[in-house]
Structures are given as structure tokens and as C-alpha cells.
Amino acid sequence: MTSEKDIRTAVESILHRTLPSLRVVRIEASEIIDTSGDESLDVKVVVRERPSRELARRTADVVDQLRTWLAERQDERFPYFHLTTEREEAELAQMGE
Amino acid sequence: MNPEHLLELATNEVASQTSGAPRQAVLRRSGSSAYYALFHQLLWTIATTFVPAAHWKARVLFYRALDHGRTKQRCKHAGQDPMPKAEQLFFGFESFPLEIRRFCNAFSDLQELRNRCDYDPEYKITKDVALYAINASSDAIDDLKAADEASRTLFLSYLLFGMRS
């Protein structure tokens with residue numbers, strides 16, 4: 001299994017290539033069990049602001065490249081990839097209160 | 001059912017709030033509808049690919065042939081580049097074209113979101129995530145349509161029948 005640190009580094013590199021204008025605040029990667037019962041990855045990228053509709057389309061390519069990077073390391077966990085902002089994080093925290 | 005209409009419905013629901021934060025029930029239903037639009041597009045594509053229009057009842061049977069869980073598992077495999085060894089050996093190539101892979105990954109992702117929206121009482125969804133899901137579904141529908149016919153037919157056959165071991 002690839003380490004969470006290596007996954008974060010890989011995501012950073014893929015984002016730099018695919019969405020260079022994205023202003024990344026931080027990247028989180030953690031193992032989860034998805035609703036199918038499979039070991040999976042939760043990959044959260046916190047950005048200053050969400051990308052435009054056109055740029056957001058490229059996140060599908062980010063996931064594709066991340067899956068290739070994982071497969072090359074015999075890691076078949078599916079990465080659930082999310083972009084979010086600090087504002088949305090605050091909104092979610094408020095909902096939980 | 002026209003999948004585009006499901007996406008319109010989801011978009012209108014998210015946008016219809018006039019003041020304050022949208023209700024979770026509305027956002028969850030939008031997230032769920034984004035997945036169902038993609039699922040129905042897939043079912044329609046299968047039915048129309050394999051059954052002529054004149055054989056309506058046969059089309060209905062093909063339309064109902066997929067179940068959610070097995071389809072997600074097969075999408076996880078078909079969306080990987082390179083695919084798992086068993087799929088590579090069977091198909092004789094390393095991976096499906098990019099459009100199919102993007103469709104597969106969006107399908108897995110949106111089904112997970114739908115499961116959280118419909119069955120996880122603790123799950124919270126923001127308006128931005130609901131809108132993102134609607135756009136991702138629309139993009140994935142475009143990807144399925146844009147894939148070359150031979151690859152798409154092979155992929156749909158795999159979803160229907162899997163591989164005999």
C-alpha cells in the first residue's frame with residue numbers, strides 16, 4: 001500500500017500539471033471503507049476558490065492520472081477525490097454544531 | 001426517461017432557494033439525481049446499442065439488466081489504467097480509452113455520493129458539492145457519448161456480462 005504522504009505528494013504533482021492555476025491550501029488523503037465495503041481513499045483538496053466550470057472538468061483527468069499512479073504501485077484502492085474551499089469547510093462545521 | 005431532464009431538475013432545485021442556506025433534503029436529492037441521470041443514460045445506451053427499436057420489450061429487459069453494485073465494481077476495474085491483470089488478459093489491451101475511463105470513475109464517485117445522500121443520516125452536503133455533482137454527471141454523459149463505438153460496445157458488454165473465470 002502506498003503511504004498517505006506519498007499520495008499527497010502525487011496529487012500535488014498531478015494538480016500542478018493538470019490544473020496549474022488552482023490555488024491549493026492543503027491536501028488530505030486517508031483510507032476509508034466505501035459504501036461497497038471496499039478499501040478506498042478519500043482525497044480532499046482544499047483550494048482558495050473553486051475552479052471555473054471549464055477547469056473543473058479537468059478534475060476527471062486528475063482522477064484518471066491518480067488511478068494510474070496508484071495502479072503502477074499495485075494499489076487498486078479507488079480514490080474518491082473532492083475539491084472544497086475553506087468557506088465550505090466552515091459551512092459544514094457549522095451544520096454539525 | 002431523458003437523463004438531461006433529471007439534471008435540469010437537480011439544477012433547478014439547487015437554484016430555487018431564494019434566501020438562506022438550501023435545505024439538506026433538497027441538496028441530497030440533487031446529489032442523488034445527478035447519479036441517477038448518469039445511471040439512466042447508461043441503461044438507455046445499453047438498450048439502444050443491443051436491441052433494435054422494433055423490439056420494445058427486449059429493450060425494456062436490457063434497460064433493467066444492470067444493478068448498481070456490480071456495475072460500480074466493474075467500473076472500478078474498467079476505469080483503471082492499466083486495468084487489473086485479469087481484464088488485461090481477457091481484453092488483450094491495458095486500458096479502455098480516456099472517455100470510458102472518465103465515465104467509469106465518475107460513475108463510481110457519483111454512486112458513492114448517492115449512497116451517502118440517500119442512506120447516511122449524518123452526511124452533510126453543500127450547495128457547491130451538489131452543483132459539482134450535477135456538472136460531473138453531465139460531463140460523464142458527454143464522455144460516454146463521445147467514446148468510439150467499438151470501445152463503448154465492448155465496455156457495455158463487460159458491464160452486462162463481466163468475465164467468466
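**Note on a predicted two-chain model**

1. Helix α1 of chain B covers residues 3-15, and at 1.5 Å a residue its 13 residues should span 18 Å; the end C-alpha atoms are 19 Å apart, which agrees. The expected span is 1.5 Å times one less than the number of residues. Helices (H or I, at least four residues) and strands (E, at least two) are DSSP runs, numbered from the N terminus.

2. The model is predicted: local features need pLDDT of at least 70, side-chain atom pairs count only at pLDDT 80 or more, and totals for chains, interfaces and linings use all residues. Residues are numbered from 1 along each chain as its sequence is written, and chains are lettered from A and ligands numbered from 1 in the order in which they are written.

3. In α1(B), the buried residues are B:Pro3, B:Leu6, B:Leu7, B:Ala10 and B:Val14. They cover an arc of only 100° around the axis, which puts them on the same side of α1(B); the arc is that of the directions from the helix axis to the C-beta atoms. The face turned away from this buried side carries the exposed residues B:His5, B:Asn12 and B:Ala15. A residue is buried if 20 or more other C-beta atoms, placed from the backbone, lie within 10 Å of its own, exposed if 12 or fewer, and partly exposed in between.

4. The cover over the buried residues of α1(B) includes α2 (24-50) and α7 (127-146) of chain B. These two helices, α2(B) and α7(B), pack at an angle of about 5°, with their axes 8 Å apart. That makes α2(B) roughly parallel to α7(B), a term for angles under 35 degrees. Axes are lines fitted to C-alpha atoms, for helices over the stretch in contact, and angles run from 0 to 180 degrees between N-to-C directions.

5. Between the chains, 24 residues of chain B are in contact with 21 residues of chain A, contact being C-beta atoms, placed from the backbone, within 7 Å. On the side of chain B that touches chain A, α4 (68-78), α6 (98-119) and α7 each give two or more residues. The most come from α6(B), with nine residues.

6. A:Tyr80 lies in strand β3 (residues 78-85) of chain A. With 18 C-beta neighbours inside 10 Å, A:Tyr80 counts as partly exposed. Leaving aside neighbours within four places in sequence, A:Tyr80 is in contact with A:Ser40, A:Leu41, A:Asp42, A:Val43, B:Asp109 and B:Glu112.

Notes: Two residues are in contact if their C-beta atoms, placed from the backbone, lie within 7 Å. Angles under 35 degrees count as roughly parallel, over 145 as roughly antiparallel, 65 to 115 as roughly perpendicular and the rest as oblique.
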